[in-house]
Amino acid sequence: MAEATKRHVSIAIVGTGFAGIGAAIRLKQEGFDDFVLLERSSEVGGVWRDNTYPGAACDVESHLYSFSFAPNPRWSHAFSRQPEILAYLRHCVREHQLTRHIRFDHTVREASFDAAEQRWLIETSRGTYTADFFVPAVGGLSEPSIPALRGIESFRGKVFHSARWDHRHELEGRKVAVIGTGASAIQFVPELQPKVAKLTLFQRTPAWVLPRIDAQFGALKKRLYGAVPALQRLARAQIFARRELFVLGFRHPRAMRLLEIAARQHLRQKVKNRELRRKLTPSFRIGCKRILLSNDYLPALAQPNVEVITDAIREVREHAIVTSDGREHELDTIIFGTGFHVTDLPFAKHVRGRAGRTLAELWQGSPRAYLGTTVPDFPNFFFLLGPGTGLGHTSVILMLESQLELMIGALKHMRREGLTSIEPRRDVHERYFAELQEDVKGTVWTSGGCESWYLDVNGRLTSLWPRSTLAFRKRTRFRPAEYVLERHPPAARARSHRAAE
Ligand code: NAP
């Protein structure tokens, strides 16, 4: 059967962002070639394809926010911009010949484990696939969250979310509302401010902002990194060590006061107006929400065509937003910088394990997976960047690579031993979750006095790993004793393979 139409594979990966591409590279490197990447879009890149808003960039240095197994000596800045990161991912796909594995325009609608056949059944918008292993690599920031504002349907102007930017909508001279002041908004607000007639920023909670200490890399440096890769590894190690130390502050929030002093000073320098400064000063401990890095966000807010509104939004009318004080703010464009469905990831409603229950039903609002990766009753399932793998202090690619090593370790073990099924032991999984819940007590995320998207609907911190990435790396060494590993009679499996031929 031709490669492109083959319907049974050993491994089905969903998504071609960092996680999917990283998984594909590592699988190939280890001699696993029978896999597909199911991609809902017609291009690779995940969040770095979707978030094309003006000013989009990464707030983690590129030396660290890239694969250790695919270094890029050509980064132009310490903190890369979105087009360069997307180009890097495309380069990885070409370099490792992944295109033939990718099925573009394949939206995964449902996936369920078929216990009789011992395989995953994956319904996509272009037909059904079956796979021995199912690897969601859909990311936690893939589904935009748009609040249901009263009256929004009556608005006559343009409305879009930052992750679905409408570049055809000319913003020059417009009256624009931005809702939200998170990591995305602080990047695009300074880009819009000089263009628009009026920018009204609706802020629910002010953010702590620190300067971004960026640097441009000249031709010489790039050549040097290309010629002597050890130099780039050294630069990466320095960034890694500095950032890794920060986790101590998140675990001992009193230590974060020093950072607060720096952030207050940054605010004082950039915003001279006392009243505006008051609006922009957070009342929670720094780190409780994601710390934002920007040199131009605060100065943009101090410009005469910007107004920061802190009254709650009451409703939207044809040409305006009305706030709780009864004031009508006239507008022609509304941009939501309101983040993503993280702990209520819609994908979880469409993945069913052996018992027929979906992940969402199992989780009841508190996502959990052993080492963020495997779930009891979901055999042969590796969730990349799954629950509890987010970070507040450094590059999430480090977590991803640990998960990839865990998955590869498991697959190699199974290949060696002739095993066909793996899932975590229920007791190990439960103990892990209880241990994490204990571990997050007293950290800045749970005691810093804020409400953040790190917390789930039950008020639990389930999205973050609360320790160092080194600790996660150590934990994720594959240990067979922690799993239920089985060898199933080959009958059912042979049947499924025959059907695919
Ligand atoms: P976010 O951090 O979740 O921020 C959403 C913003 O919208 C917050 O200010 C929130 O206010 C506000 N908001 C949400 N619902 C609202 C409502 N109903 N009414 C008024 N305001 C509302 O989203 P994001 O800025 O898109 O960033 C999401 C994540 O993406 C980041 O935390 C980060 O992990 C990642 N990101 C990374 C980079 C990078 O440089 N690496 C860049 C962009 C994004 P509250 O604070 O009051 O909830």
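Biologist: Let me begin with a location: in which loop does Val 196 lie?

Modeller: Bearing in mind that this is a predicted model, Val 196 lies in the loop that runs between α4 (185-192) and β9 (198-202).

Biologist: Why is Val 196 counted as buried?

Modeller: The relative accessibility of Val 196 is 5%, and buried means under 20%, so Val 196 counts as buried.

Biologist: What makes Gln 97 and Asn 380 worth a remark on their backbone angles?

Modeller: Gln 97 has a positive phi of about 50 degrees although it is not a glycine, and the phi of Asn 380, likewise a residue other than glycine, is positive and near 50 degrees. Gln 97 is found in the loop between α3 (82-95) and β3 (102-103), while Asn 380 lies in the loop between α10 (359-363) and α11 (396-417).

Biologist: Which of these labels, buried or exposed, goes to Gln 97, and which to Asn 380?

Modeller: Gln 97 has a relative accessible area of 56%, and exposed means over 50%, so Gln 97 is called exposed. Asn 380, at 0% relative accessibility, falls under the 20% limit and therefore counts as buried.

Biologist: How do you know that Ser 283 is exposed?

Modeller: With a relative accessible area of 74%, Ser 283 is over the 50% cut-off and is therefore exposed. Ser 283 is found in the loop between α8 (274-279) and β11 (292-293), and its C-alpha atom is separated by 9.4 Å from that of Gly 448, which is 165 residues away along the chain.

Biologist: What makes the contacts of the His 8 side chain polar contacts?

Modeller: A polar contact is a pair of N or O atoms within 3.5 Å; the side chain of His 8 makes one with the side chain of Thr 130 at 2.7 Å, and another of 3.3 Å joins the side chains of His 8 and Asp 132. His 8 itself lies in strand β1 (residues 8-14) and has a relative accessible area of 2%, under the 20% limit, so His 8 is buried.

Biologist: Turning to the ligand, which residues are closest, and what is the make-up of the shell?

Modeller: Of the 22 residues that surround the ligand, the closest are Asp 59, Thr 181, Ser 184, Thr 205 and Lys 289, and the shell divides into 9 nonpolar, 9 polar and 4 charged residues. An N or O atom in the side chain of Ser 184 is 2.6 Å from an oxygen atom of the ligand, and a backbone N or O atom of Gly 337 lies 3.3 Å from a ligand oxygen atom. Taken alone, the ligand exposes 900 Å², of which the protein buries 83%.

Technical notes:
Residues numbered from 1 in each chain as written. Predicted model: local features only at pLDDT ≥ 70, side-chain atom pairs only at ≥ 80, totals over all residues. Heavy atoms only, no water. Near = heavy atom within 4 Å. Polar contact = N/O pair within 3.5 Å; in protein donor to acceptor, adjacent residues only side chain to side chain. Areas by Shrake-Rupley, 256 points an atom, 1.4 Å probe, with all protein chains shown as cover. Nonpolar A, V, L, I, M, F, W, Y, C, P; charged D, E, K, R; others polar. Helix = DSSP H or I, 4+ residues; strand = E, 2+ residues; numbered from the N terminus. Buried < 20%, exposed > 50% of the residue type's maximum accessible area, 1.4 Å probe, protein only.
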